[in-house]
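Reader: I would like to go through this structure with you, beginning with a single residue and its surroundings. Could you take me through it?

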Amino acid sequence: MGLTSLIITTIIVMLCGWFFFQRKTKAALPPGRLGLPFIGETLEFMTAATNNNSLAFFNSRVAKYGEIFKTNILFAPSISFGTPEANKFLFANENKLFQLSLPSSAAKLLGQSITNKVGKEHKNVRHTLMAFFGASNLHNFVPRLDNATKAHFQQFWEGRDEIKAMDTIKHFLFSLVMDLFFSIIEGPEFHSMQHDVEDYIFGTFQFPIDFPGFAYHKAKLARDNIRRTLDMIISRRRKDTKERKVEMYHDLLSFLLNTPHDEEGNPLKDEEIKDNIGSLLFAGVETTSSTISMALKYLSLNPHCLQEVVKEQMEISKTKDGAPLNWEDTRKMKYTWCVLQESLRLQPALEQAFRICIKDVEYGGFTIPKGWKVFWSANRTHMSPQIFPNPTKFDPSRFEGSGPQPFSFIGFGGGPRMCPGNEFARTTMLIFLHRMVLNYEWCMVDPNEKIYVMPGPTFQKGLQLKLHKK
């Protein structure tokens with residue numbers, strides 16, 4: 001058989017399989033469309049999502065098919081739903097009916113990190129990380145985080161009339177995690193890791209074109225470079241431990257090297273440590289910088305809200321007499337935390353993700369077949385007028401008191417896979433805004449500066465701000 005005939009025959013067989021699959025599952029599925037063979041509605045969704053308009057994709061289908069509909073995104077037949085009740089059903093049935101499912105190209109780069117783990121393995125890694133990032137341990141680091149934040153403002157904001165805030169915040173957060181993770185503040189490893197982390201973050205969730213010049217290929221090279229750098233850091237730390245110098249380190253790396261992880265009391269293996277730290281660098285820089293940047297935007301556009309934040313932070317500052325913030329101070333920042341949550345509602349740092357059905361699932365009068373995906377979207381829930389009246393309005397008071405109904409705000413995910421670093425992110429963001437509002441007034445150079453999502457929300461011009469030192 002010639003090559004042309006072979007290709008034609010293969011295409012015919014695959015198309016027949018596709019249409020047979022559609023007919024086989026049609027009766028039990030919710031309404032919707034699977035789009036083109038194989039690629040489905042991927043291009044339409046990706047175009048909308050990149051332009052920060054994924055909500056239009058979902059709303060058009062909800063209007064046509066109802067609250068639960070089928071689609072095909074990233075070569076995966078999927079179901080989409082977005083009510084709080086549906087979110088609760090999804091999160092409550094983790095490892096019973098659903099498990100996390102990443103695109104295989106991204107999963108390959110994330111390696112043995114918690115992001116890729118499921119079931120008991122995920123639970124064990126999460127327990128280990130929560131022992132470091134949880135409130136009981138994190139309160140010891142607050143003065144250290146505050147001192148680093150003050151130093152950052154003095155070095156990078158002082159004397160500036162204008163600044164690309166998001167780019168500068170990313171540098172700040174990278175410096176912060178390098179200190180907290182490795183006790184590294186400067187040097188060759190710092191600068192090489194910074195460049196590699198930028199490429200790793202940008203390319204991991206791009207189309208998997210593994211060819212020089214493309215983002216995914218750069219992310220793959222960056223991941224390998226990060227691992228090599230971590231090999232050197234871990235080797236040096238083990239040497240220091242052997243020479244009894246380990247007491248000088250109070251950071252994540254020493255914690256992971258010396259904390260029992262499994263039932264036999266063994267710590268994480270080096271490969272697991274490297275991949276988990278790579279994943280945490282991703283989350284610690286990308287998602288947190290996005291939320292801080294959005295808060296600066298919304299406070300600039302809503303001066304009455306900024307006034308409330310300033311008032312709250314000044315009351316805390318009056319009690320400090322120059323001393324660094326402590327854990328209790330950050331817990332008093334209630335309105336500021338409402339501002340950050342409302343910023344995250346309007347512009348989620350992670351807009352959507354997949355779960356895969358590990359068995360046939362009955363929900364809402366429909367059957368979701370085993371192997372299909374559930375495509376959950378924070379935007380669908382956060383921007384629903386039935387859940388959040390006037391959803392496009394910036395209104396931090398939504399989070400006062402008992403706040404929104406359960407499973408309606410899912411900015412940090414939910415269930416067993418809720419972000420293990422959410423307390424660290426919360427504390428870091430509160431400290432940053434404390435120092436920002438006490439020392440600066442600001443406004444956006446372009447209040448309509450466009451936002452792209454690649455993979456997280458990114459300002460087209462880096463969030464250009466005009467600054468005035470108080």
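Predicted model: local features only at pLDDT ≥ 70, side-chain atom pairs only at ≥ 80, totals over all residues.

Reader: Which helix is Asp 275 found in?

Author: Asp 275 belongs to helix α13, which covers residues 270-301.

Reader: And is Asp 275 buried or exposed?

Author: Asp 275 counts as buried, because its relative accessibility is 4%, and the cut-off for buried is under 20%.

Reader: How far apart are Asp 275 and Arg 227?

Author: In sequence, 48 residues separate Asp 275 from Arg 227, and in space their C-alpha atoms are 7.7 Å apart.

Reader: Let us turn to helix packing. At what angle do α9 and α10 cross?

Author: The axes of α9 (residues 165-182) and α10 (residues 188-203) cross at roughly 125 degrees and come within 11 Å. That angle makes α9 oblique to α10. The crossing of these two helices, α9 and α10, is right-handed.

Reader: Which residues of α9 and α10 meet?

Author: From α9, the residues are His 171, Phe 174, Ser 175, Met 178 and Phe 182; they meet Glu 189, Phe 190, Met 193, Gln 194 and Val 197 of α10. By class, this contact of α9 with α10 has six nonpolar, three polar and one charged residues.

Reader: What about α16 and α18: how do they pack?

Author: Helix α16 (residues 334-346) packs against helix α18 (residues 422-439) at an angle of about 110 degrees, and their axes are 10 Å apart. That makes α16 roughly perpendicular to α18, since angles of 65 to 115 degrees fall in that category. The crossing of α16 and α18 is right-handed. On the α16 side the contact involves Thr 336, Trp 337 and Leu 340, and on the α18 side Arg 426, Met 429, Leu 430 and Leu 433. Five nonpolar, one polar and one charged residues make up the contact of α16 with α18.

Reader: Now the chain as a whole. How many helices and strands are there?

Author: The chain has 18 helices and twelve strands. Its radius of gyration is 23 Å, close to the 23 Å given by the globule rule for 470 residues, so the chain is as compact as a globular protein of that length. The C-alpha trace spans about 75 × 55 × 45 Å along its principal axes.

Reader: What share of the residues count as buried?

Author: Of the 470 residues, 52% count as buried.

Technical notes
Residues numbered from 1 in each chain as written. Heavy atoms only, no water. Axes fitted to C-alpha atoms, helices over the stretch in contact; angles between N-to-C directions. Helix = DSSP H or I, 4+ residues; strand = E, 2+ residues; numbered from the N terminus. Parallel < 35°, antiparallel > 145°, perpendicular 65-115°, else oblique. Left-handed = near helix turned anticlockwise from the far one by under 90°. Contact = heavy atoms within 4.5 Å. Nonpolar A, V, L, I, M, F, W, Y, C, P; charged D, E, K, R; others polar. Rg over C-alpha atoms; globule rule 2.2 N^0.38 Å. Buried < 20%, exposed > 50% of the residue type's maximum accessible area, 1.4 Å probe, protein only.
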